[in-house]
Amino acid sequence: MSQPVTLSQSLNTVIFNGQSNSLGWNATPILTTTQPFNNKMYSGGVLVPLLPDTTEKPHVTSANYASALRYKNFGTPINDSLAAFTCGVGGASISAIQDGSTGFNQFKSNVDNLLSVDSTTAFPIVNFVQGETDTENLMTGDTWSTYFTSLYNSMKSYIDFKTSNDSKLKVVLTQPSFKVQLNKEIVLSQLKLCQSSDRFFMTSPMYRYPYSAADKVHLTNVGYKLMGAYFGRANSEIMAGKKPQWLNPLSAEYSGKVIRIKFDVPALPLVLDKDNLAITTNSGFRVLNDSADNPITNIYIDGDEVV
């Protein structure tokens, strides 16, 4: 990583922001009932063990899994503390969580609270879970990217000002799957941002996580715990000065009736997972000629390519 994040010797904080899926919406029963490491949260003027309150929270699992992997993979002491908080706003467009909004003020309040307890606290990472509302409302990808970049700059400026350091803040994203058939611009803009900047990184599309059967918008308690673990893995790598692992599509080439899609694969083999993911037409691949579907007769893996 060309610009590693700035870390504290005492307390480093991972932040979740976005909309309701960043909050662990209605995810009961709570699965995480103990704090297995030395991770903390702010409560009533002091630091207390990091635990969910009313629902399973992805920010809790993210910090815990990051602690486990920092110890296992990078030799970080097991009692090295992380703090975590979430400041997402349910149902919010990205335009509604900009500087000056209630959501942004909540972000600032959480930063201030942690610094009031430990003035050396660092804030190296924001995990961002947002896009469902803007996808449904047909926001363009360029508009979403402009708002996202503005929000990033505002968060980084506030953190840098309050800590008197250049945080070199990184943001880790996940792509929402809600109504992506209606509007794919948001998820494509998220991918483009992560492919073109060393400040932004992808974890995984959200379709791989278990969704609530009640509304098909929010995840189950297991889904939030799994999503938190994926963010935690990325967070551990960022704090170690490394780029997070993610399956990154690089290019597509065609010759005759054969199309080869090349991926950057963190760990081979590349597979079409039919055991853990829902069955989809043509494993989720689609070929369009103008606006018409071209039939796919066969799909297979060849090294780091889907053919």
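Me: Where does Lys 179 lie?

Reply: In this predicted model, Lys 179 sits in the loop between strand 6 (170-175) and helix 5 (185-196).

Me: Why is Lys 179 called partly exposed?

Reply: Partly exposed covers the range between the buried limit of under 20% and the exposed limit of over 50%. Lys 179 has 33% relative accessibility, so it counts as partly exposed.

Me: And what is the phi of Lys 179?

Reply: Its phi is about 55°, a positive value, although Lys 179 is not a glycine. For background, most residues other than glycine have a negative phi. Asn 26 also has a positive phi, near 55°, and is not a glycine either.

Me: Where is Asn 26 found, and what makes it exposed?

Reply: Asn 26 belongs to the loop between strand 1 and strand 2. Exposed means over 50% relative accessible area, and Asn 26 has 62%, so it is exposed.

Me: Why are helix 1 and helix 6 called oblique to each other?

Reply: The axes of helix 1 (residues 58-74) and helix 6 (residues 221-239) cross at roughly 45°, coming within 7 Å. Angles under 35 degrees would count as roughly parallel, and 65 to 115 as roughly perpendicular. The helices are therefore oblique to each other. As for handedness, helix 1 passes helix 6 in a right-handed crossing.

Me: Which residues of helix 1 make the contact?

Reply: Helix 1 brings Pro 58, Thr 61, Ser 62, Tyr 65, Ala 66, Leu 69, Arg 70 and Phe 74. Facing them from helix 6 are residues including Tyr 224, Lys 225, Met 227, Phe 231 and Met 239. By class, the contact has ten nonpolar, six polar and four charged residues.

Me: How do you know that Lys 225 and Glu 56 form a salt bridge?

Reply: The cut-off is a side-chain nitrogen of Lys or Arg within 4 Å of a carboxyl oxygen of Asp or Glu. Lys 225 and Glu 56 have an N to O distance of 3.9 Å, and their side chains meet in a salt bridge. Lys 225 lies in helix 6 and Glu 56 in the loop between strand 3 (46-49) and helix 1, so the pair ties together parts that are 169 residues apart in sequence.

Me: Is Glu 56 buried or exposed?

Reply: Buried means under 20% relative accessible area; Glu 56 has 0%, so it is buried.

Me: What makes Asp 80 and Arg 70 a salt bridge?

Reply: Their closest N and O atoms are 3.0 Å apart, and the limit is within 4 Å. Asp 80 lies in the loop between helix 1 and strand 4 (82-86) and Arg 70 in helix 1, so the pair ties together parts that are ten residues apart in sequence. Both Asp 80 and Arg 70 are buried.

Me: Which residue meets Asp 302 in a salt bridge?

Reply: Asp 302 pairs with Arg 260, at 2.4 Å from N to O. Asp 302 lies in strand 12 (residues 301-302) and Arg 260 in strand 9 (residues 258-264), so the pair ties together parts that are 42 residues apart in sequence. Asp 302 is partly exposed at 37%, and Arg 260 is partly exposed at 28%.

Me: How many salt bridges does a search of the whole structure find?

Reply: The search finds twelve.

Me: Why is Tyr 209 called buried?

Reply: Its relative accessible area is 3%, so Tyr 209 is buried, the limit being under 20%. Tyr 209 is in the loop between strand 7 (200-205) and helix 6. Leaving aside neighbours within four places in sequence, its contacts include Thr 174, Ser 204, Met 227 and Tyr 230.

Notes:
Residues are numbered from 1 along each chain as its sequence is written. This is a predicted model: local features need pLDDT of at least 70, side-chain atom pairs count only at pLDDT 80 or more; totals for chains, interfaces and linings use all residues. Side-chain values use heavy atoms; hydrogens and water are left out. Axes are lines fitted to C-alpha atoms, for helices over the stretch in contact, and angles run from 0 to 180 degrees between N-to-C directions. Helices (H or I, at least four residues) and strands (E, at least two) are DSSP runs, numbered from the N terminus. Angles under 35 degrees count as roughly parallel, over 145 as roughly antiparallel, 65 to 115 as roughly perpendicular and the rest as oblique. A crossing is left-handed if the near helix is turned anticlockwise from the far one by less than a right angle, and right-handed if clockwise. Contact means heavy atoms within 4.5 Å. Ala, Val, Leu, Ile, Met, Phe, Trp, Tyr, Cys and Pro count as nonpolar, Asp, Glu, Lys and Arg as charged, and the others, Gly among them, as polar. Buried means under 20% relative accessible area, exposed over 50%, partly exposed in between (1.4 Å probe, protein chains only).
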